[in-house]
Structures are given as C-alpha cells and as structure tokens.
Amino acid sequence: NGIYYEDELKISSSPDAQICPLRQSRMAREEAIRNRFASGQELADLREDRHNLQENLRWSQAAGDVRRVRDLKTTIKKLEEKDPDFVYANAVREITKADAISDPKKRDFVKQTWQYEKDMARFVLQRFRLDGIWVGK
C-alpha cells in the first residue's frame, strides 16, 4: 500500500537480494568459463607462445631429445586448453568421431562430454556472441 518500513527498503534495495539463486548460479558458471579461457592480448600471447613451442618441438624431435619432446607436448597441451578456438574446433572433431562408436551409451556419453566443451568454448567466442545485435526495419 505504499508504506514501507526502513528495514524492508534496505533488504529490497540490496543488489544481492534482487538476484535469485538460479541467476547467481548462472553468473558464477559464466564467470568460471570466462576465467578458463584466455582472451584479448593474453590470447594473442598464448598463440604466439604455442607457435614458438611447436617450432621447438619439431627441433627437439629432430634431435631425438625424448624428455624435452614430452615436456613440450605437455606445455603445448596446457596452452591449447586455454584457447577457445582450439577447444571449439577439437570438440567439433571429437563429436564427429564419436559417431563411429558402436556402443550407444558410450557414444552418447562421449558426444555429451564434448558438446559441453564445445558449448563452453562457444560462450566466449565473439563470433557466436550476438546478444548486442538488433535488426531494424
């Protein structure tokens, strides 16, 4: 009826009080996804580092340095896991390969796992983020 007590105004005007638990959960999940992947200059540096490490890997393989090859492969893999483009492309390949699995339960599990990876990478890729586009007539 337009009459509010001071305590009610404090509670209702609090930013956390206005966000439902489901939205808070979604926002936390989105933040975790953003933190998982590199972006901006960090992504550019990551790709440059990966390129340089792959060059070092070729030289180490040619020299027969097994320990260095193993270490470089591990480091490259860690860098690739932070590149959303690489994760997305890899997930698409793995989903396609999963179609060849004959066991339906295993096939569905593998496809679902890679679909989750694909969706996470897709969330941060700019070319799929069309939420700011408006079409006028």
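Predicted model: local features only at pLDDT ≥ 70, side-chain atom pairs only at ≥ 80, totals over all residues.
## Basis of the model

Local features are taken where pLDDT is at least 70 and side-chain atom pairs where it is 80 or more, whereas totals for chains, interfaces and linings use all residues. Residues are numbered from 1 along each chain as its sequence is written, and side-chain values use heavy atoms, without hydrogens and water.

## The chain as a whole

The chain holds 6 helices and 0 strands, where helices (H or I, at least four residues) and strands (E, at least two) are DSSP runs numbered from the N terminus. Of its 137 residues, 23% are buried, that is, under 20% relative accessible area with a 1.4 Å probe, protein chains only. Contacts are heavy atoms within 4.5 Å; of those between residues at least 6 apart in sequence, 59% join residues at least 24 apart.

## Helices H3 and H4

The axes of H3 and helix H4 (residues 66-80) come within 9 Å and cross at roughly 160°, the axes being lines fitted to C-alpha atoms over the stretch in contact, with angles from 0 to 180 degrees between N-to-C directions. The two helices are therefore roughly antiparallel, a label given to angles over 145 degrees. Residues making the contact include Leu53, Leu57 and Ser60 of H3 and Val69, Leu72 and Ile76 of H4.

## Ser60

Ser60 lies in helix H3 (residues 40-63) and is buried, with a relative accessible area of 7%. Leaving aside neighbours within four places in sequence, Ser60 is in contact with Asp65, Arg68, Val69 and Leu72.

Definitions and conventions. Buried < 20%, exposed > 50% of the residue type's maximum accessible area, 1.4 Å probe, protein only. Parallel < 35°, antiparallel > 145°, perpendicular 65-115°, else oblique.
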